[in-house]
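Open the model in your viewer and keep the selection tool at hand. Each stop below gives something to select and says what is there.

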Amino acid sequence: MTSTWIEPASTATALLLLGRGTDPASERGVDCPGDLPAPSDPDLVARATAAKAALGDRVFVLGHHYQRDEVIQFADVTGDSFKLAQQAAARPDAEFILFCGVHFMAESADILTTPDQKVILPDLAAGCSMADMAVLGQVETAWERFEDLGITGEIVPVTYMNSSADIKGFVGRNKGVVCTSSNAKRALDWSFEQGSKVFFLPDQHLGRNTAVLEMGFDLDDCVLYDPHKPGGGLTDDQLRNARMILWRGHCSVHGRFTLESVREVRERVPGVNVLVHPECRHEVVRAADYVGSTEYIIKALDAAEPGSSWAVGTELNLVRRMALAHPDKQIMFLDRAVCYCSTMNRIDLPHLVWALEELVAGRVPNQITVDPDTAHHARVALDQMLALP
Ligand code: SF4
């Protein structure tokens, strides 16, 4: 059967510009410190294959689901951020963990691997705009405000996996927990047994969607703390009365889907199933038929009936790969315009070849390390997540 995949239209904003909507000072560097092969080099695949073979078991390559196909073909394992962190921890014999994903994921891998292992990010510019929306100094300022109000004893901080090691360390220091999009409800259930309020970082949408749609909270129970406004833009009473204090952060990819995208696809494709990630806006998740993590989305599409139609609201590389893997189902992108994660796309074949060949030459490029104190407290918050009932 031939594929039903139709490429979404390319637009002037097809690739989100690096740094847009973030604090440019928090971007993690753009220039590659070495000589990158030309993207047009016809030998790139052969060079990557040869370098990987020369390294053998010394290197373990992790590939996030949102990575390009040209990179994914060299991954020893693919997964979402949590699965990849677990996979890194399960390979203590690999000297090098080559992380084809973004910066916060490589940090988590460094925290969970042994001190002898080296975690490498092929392009240091592969940050995450959502993670960069919560900077430690801003979060500490918010916490001081809560302290002045005398409410920190009631608050449990919860951070999404998609946050920097600094933020995970802050949460660990303050007796909180890390969560993923798969276990956010369990993390919130646990947190509300420890306190009466949650301070949720950095993704407002995951926090709101979980609290309202899975736990029965009212939208009014949630307030939005904006780090760019004095006092977070909230009054003392708003903070005292809130159950969920949501950080004003979001994913620039999933945040693009709108209610209009859902309406449009339902009109265009009768009987379509709308399947979205919980990082999407609240009204989009409400209008969808199914919502779940990246791994959930993959399983739902694998299990879908032949002939069924699916409009999927997540990153385009993954949606295209799923559509091509299931030509007997009509799998399409929820929006009509292209929407890649621009920072995930920083990792391309030239960067992968360069990183592998540097390792073969005995040099360790772009190593990601987390300082021991931050790593210790971040690990406390990660271990609390693993211990969730
Ligand atoms: S898809 Fe969104 S959350 Fe994931 S790395 Fe890209 S910007 Fe960050």
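**Ground rules.** This is a predicted model, where local features need pLDDT of at least 70 and side-chain atom pairs count only at pLDDT 80 or more, while totals for chains, interfaces and linings use all residues. Numbering starts from 1 along each chain as its sequence is written, and side-chain values use heavy atoms, with hydrogens and water left out.

**Whole chain.** Color by pLDDT (the predictor's confidence in each residue, from 0 to 100). The average is 92, and 92% of the residues score at least 70. The C-alpha trace spans about 65 × 55 × 40 Å along its principal axes. The radius of gyration is 21 Å, which agrees with the value near 21 Å for a compact globule of 389 residues. That radius is taken over C-alpha atoms, and the globule rule is 2.2 Å times the number of residues to the power 0.38.

**Residues 11–29.** Select them next: pLDDT stays under 50 here, and the model has 30 contacts from this stretch beyond four places in sequence. Contact means heavy atoms within 4.5 Å. Where pLDDT is low, the predicted coordinates should not be read in detail.

**Strands and helices.** Switch to cartoon. The protein has 15 helices and 13 strands. These are DSSP runs numbered from the N terminus: helices are H or I, at least four residues, and strands are E, at least two.

Select residues 222–225 and 244–247. These are strands 8 and 9, parallel and joined by four bridges. V223 has I245 as its bridge partner in strand 9.

Now show the open sheet of four strands, ordered 11-10-12-13 with parallel pairing. Strand 11 (290–291) and strand 13 (330–333) are its edges, each pairing on one side only. Pairing requires at least two DSSP bridges.

**Backbone exceptions.** Most residues other than glycine have a negative phi, and most peptide bonds are trans. Zoom to L201 and P202: their peptide bond is cis, with omega about -25 degrees. P202 sits in the loop between strand 7 (197–201) and helix 8 (204–214). Then pick K175, with a positive phi of about 60 degrees. Its loop lies between helix 6 (165–173) and strand 6 (177–179).

**Ligand.** Which residues surround the ligand? They are Y66, V102, C128, S129, M130, N162, C251, S252, V253, E279 and C341, each with a heavy atom within 4 Å.
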